[in-house]
Amino acid sequence: MWTWNNLWHWAGHPLSWPGFVGMLVGAVVILLLALLVVMYSIYWQRKFIGWMQWRIGPNRVGPWGLFQTVADVLKLLVKEDVIPANVDRTLFLLAPIFAFVPAFLVLSIIPFSAHHVFTANIGIGALFYVAISAITIHGVMLGGWSSNNKWALIGGMRSAAQMLSYEVPLGMSIVGVVLMAGTLNLNGIIAAQMHTVWYVIPQILGFIVFVIAGTAEMNRTPFDLPDAESELVGGYHVEYSGFRFAFFMLTEYVYLLAMGGLMATLFFGGWAGPFLPGWLWFAIKIFIFFTFQFWLQATLPRIRQDQMMSFSWKLLLPLALANLVITAVVKVLV
Amino acid sequence: MALTDETDLVRTEEMLLNVGPQHPSTHGVFRMVVKISGETIIEAEPVIGYLHRGTEKLAENLQYSQCIPYTDRLDYVSAMLNNYSLVHAVEEAMGLEIPDRAEYIRVITMEMNRLASHLIFFGTYLLDLGAMTPFLYAFEEREKIIDMFNELCGARITYNYMRVGGVKFDTTPGWLEQVDAFVKRMKGEMVKYRQLVTGNEIFLARVHGVGAYTTEQALGHGMSGINLRCTGYNWDLRKKKPYSIYDRFDWDVPLGSAGDCWDRYILHMEEMEQSLRIVEQALQQIQPGPVMAKVPKLIRVPAGEYYSGIEGTRGELGFYIVSDGKDKPYRLKIRRPSFENLQILPIILKGVPVADMVAILGSIDPVMGEVDA
Amino acid sequence: MFGFLKGLGVTISQLPKKKVTVMYPEEKPDYPERYRGVHRFIPELCTVCNQCARICPTSCISLSGSRDENRKLRIETYDINFDICILCSQCTEVCPTEAIVMSDTFELASYTRDDFYLDMHWLHNNELEYERRHPDRAIPETDVQKKAGN
Ligand code: SF4
Ligand code: SF4
């Protein structure tokens with residue numbers, strides 16, 4: 001029996017037309033939400049880093065510069081669409097899509113609020129995230145490869161190496177949480193935390209690995225080698241301009257949002273929290289994650305390629321594995 | 001079988017990469033043609049000359065006082081020292097006696113300029129390594145210095161302040177107090193820099209043991225300044241061949257040992273502290289008096305050849321004057337330390353990863369205006 | 001081991017610090033009296049001695065004058081090719097009457113090179129502007145008369 005409720009809780013029912021419309025509406029709403037969040041996270045990044053550097057940050061467009069990023073996005077969208085002469089055209093055009101679609105896709109499993117309106121409550125949420133986000137590597141690599149630019153090529157290869165090697169510890173650190181909660185479903189994980197404590201406390205080791213690997217996965221400072229401005233001039237997207245470049249930027253920040261959501265869900269009880277509505281709790285947790293990332297960005301220098309690789313394989317992975325073993329042992333014993 | 005072994009399993013190719021002339025980390029219009037295999041540099045060749053303005057040739061048609069503004073444009077981040085180097089060479093040649101106050105003002109401005117230049121090194125080096133905040137902190141302090149210079153001589157970068165026989169202006173009222181306040185403030189800032197950067201593990205890992213060379217290599221390439229002292233070779237012209245009034249102050253020459261990027265970095269930081277020490281003492285000793293010696297209206301250097309070198313920010317900065325007794329130099333040769341320091345680049349870049357390239361280039365701290373003259 | 005935490009502490013502690021940037025076009029930096037901006041020129045003072053043109057390292061000053069009825073030299077044209085001027089202030093240094101002086105005008109960007117050919121009219125206007133901006137630094141009218149008189 002179809003009710004209005006089905007519009008939102010379509011996951012548990014066979015697909016029907018209204019359900020499909022609901023899905024579509026949900027996707028569009030999430031897309032817009034993501035855009036909004038990205039725009040204002042960039043705004044916050046500029047302001048926050050600016051304050052730490054004794055600057056004011058954007059302050060011209062709109063009150064307190066609130067529309068600065070909006071203007072920037074508009075600028076990127078209406079810019080001339082340049083495709084350099086000797087690029088591999090097909091791949092060049094495909095790369096931003098390859099990069100962006102997975103970024104957007106992973107948002108579909110992030111439980112933004114208690115009733116997870118608009119998002120899929122699928123059973124393998126955590127696994128889905130890790131699997132889908134790996135696709136972005138292809139976009140980045142193809143972008144670097146097809147640009148027919150040596151800097152972009154180096155940037156693309158670095159990204160591929162970096163993202164692949166940090167994917168592993170990232171996945172491993174998630175497994176610890178999954179073991180504790182006994183489910184891959186993100187809402188299930190939140191529910192499990194509601195009964196006990198936030199997993200950041202028992203899983204502190206996993207949390208540390210997660211944050212480091214997550215930062216590297218998102219190519220953010222100190223792991224921003226793929227687009228190391230002072231070395232590679234801009235990395236894999238050096239030949240991109242206009243809205244294609246905007247897509248790469250968008251990817252980066254959507255992943256920031258997604259990673260923040262994932263972290264809040266896995267380690268900080270997701271939308272759960274007293275007094276305030278669930279979505280607000282979630283927003284607060286993501287905001288803190290953003291701020292932390294920007295703080296790192298303002299402070300740390302860039303790590304070197306070879307050091308970064310050995311850091312992942314020689315330190316993070318063993319740590320993640322140790323965490324996994326400890327979690328398993330404790331779980332069996334207790 | 002290790003993957004790095006040369007096997008015919010994987011066909012690899014070397015790639016020729018043009019770094020610059022427009023590249024964010026080449027500190028100006030400098031170009032390096034590097035051959036890379038993977039991420040490893042196997043050959044590097046610096047290409048210079050993009051900023052060549054023919055200063056030496058221009059000087060042949062200029063009176064000595066007209067040459068001074070051109071020296072501003074050599075090492076444009078430490079113009080005071082360039083000014084001084086030229087007027088010092090002329091003064092030596094003419095055997096002029098400089099009033100005390102002028103010498104003190106010169107030393108204060110020169111050391112402040114050295115400080116400003118090292119601040120730029122600190123900021124841009126960290127920017128090369130990917131940290132952007134130290135850059136802004138450093139530039140804010142530098143801004144204070146150049147604002148003071150602005151008040152003193154009317155320009156922020158191209159001072160044209162020194163004159164043969166003294167300095168152009170006496171200090172404005174309250175200027176020395178400003179400097180004093182700045183020195184006090186700067187000492188606190190140095191502590192901040194240490195906390196922010198010097199202890200950072202990522203930074204340490206990037207600079208330790210990178211781009212090292214030996215004293216012999218450095219001497220063989222005619223290097224000087226910090227780039228030579230980082231190998232542990234004690235050579236500072238302010239101590240070795242005291243000029244001006246440097247022998248009146250109590251200060252040390254910081255020395256490195258390994259000759260790597262870390263040593264060069266830390267020597268810059270320590271030299272900043274020594275500069276502060278010198279300025280502090282100079283501020284205490286300075287007395288009122290004239291700032292200009294009696295010099296003929298038209299400066300004529302007696303016929304002959306003269307060389308005088310000073311310890312510039314980047315090494316030995318020397319002016320070699322060939323004079324035929326006229327008011328213009330017959331030939332003016334400038335020993336530009338950045339140019340000599342850069343020569344070692346192909347050797348130390350061999351076999352390092354691309355990421356270290358900017359770390360090494362940045363640590364040598366060349367200024368293209370000086371390299372190309 | 002955790003030196004970078006100190007660094008994080010440094011950056012976060014700077015948050016409440018006073019901002020050092022200025023809102024540039026609205027809020028202009030206050031340049032000191034010795035500041036070397038574009039020249040200003042006071043025709044009444046010039047004795048057409050040609051020293052400025054001779055000392056200029058880039059030879060960017062060209063001037064001409066003629067004798068008036070009292071056989072006194074009067075400046076007629078005074079042009080600075082600002083394109084090649086290096087703002088070294090040598091000209092103002094040698095000028096015996098301070099007819100050519102530096103101002104604190106510094107916004108020089110322009111679309112054509114022709115705009116950098118500064119004639120006497122422009123330079124004199126710059127002087128008037130300067131006096132308006134800094135009434136305290138202006139030379140008293142009487143002084144100008146006196147200097148111009150002798
Ligand atoms: S400032 Fe220097 S370059 Fe400009 S006109 Fe005067 S003397 Fe010539
Ligand atoms: S401006 Fe000064 S230096 Fe130039 S001609 Fe006139 S009086 Fe002489």
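## Terms and model

A polar contact is a pair of N or O atoms within 3.5 Å, where within protein one atom must be able to donate a hydrogen and the other to accept it, and where residues adjacent in sequence count only if both atoms are side-chain atoms. The model is predicted, with local features needing pLDDT of at least 70 and side-chain atom pairs counting only at pLDDT 80 or more, while totals for chains, interfaces and linings use all residues. Residues are numbered from 1 along each chain as its sequence is written, chains are lettered from A and ligands numbered from 1 in the order in which they are written, and side-chain values use heavy atoms, with hydrogens and water left out.

## Chain B against chain A

Between chain B and chain A there are 8 residue pairs in polar contact, both residues being at pLDDT 80 or more. On the side of chain B that touches chain A, the elements giving two or more residues are β1 (15-19), α4 (100-128), α5 (133-153), α6 (175-198), α7 (201-207) and α14 (354-364) of chain B; helices (H or I, at least four residues) and strands (E, at least two) are DSSP runs numbered from the N terminus. The residues of that side divide into 21 nonpolar, 6 polar and 9 charged, where Ala, Val, Leu, Ile, Met, Phe, Trp, Tyr, Cys and Pro count as nonpolar, Asp, Glu, Lys and Arg as charged, and the others, Gly among them, as polar.

The contact (heavy atoms within 4.5 Å) takes 36 residues from chain B and 25 residues from chain A. The buried area, which is the accessible area (1.4 Å probe) that two parts lose on being put together, summed over both, is about 2,500 Å² here, and carbon and sulfur atoms give 63% of it. In chain B, the residues that lose the most area to chain A are B:Glu39, B:Met132 and B:Ile202, together 20% of what that side buries. The two chains share 1 salt bridge, a term for a side-chain nitrogen of Lys or Arg within 4 Å of a carboxyl oxygen of Asp or Glu, and this joins the side chains of B:Asp356 and A:Arg304 (3.0 Å, N to O).

## Chain A against chain C

Here 13 residues of chain A are in contact with 17 residues of chain C, and the area buried is about 1,300 Å², with 72% given by carbon and sulfur atoms. In chain A, A:Trp54, A:Arg60 and A:Trp295 lose the most area to chain C, together 44% of what that side buries. A:Arg60 also meets C:Glu26 through their side chains in a salt bridge (2.8 Å, N to O).

On the side of chain A, α2 (17-52) and α12 (278-299) of chain A are the elements that give two or more residues, and α12(A) gives the most, with 4 residues.

Strand β2(C) is joined by 7 bridges to β3 (residues 73-81) of chain C, and C:Arg67 has C:Leu73 in β3(C) as its bridge partner.

Notes
Pairing = 2+ DSSP bridges.
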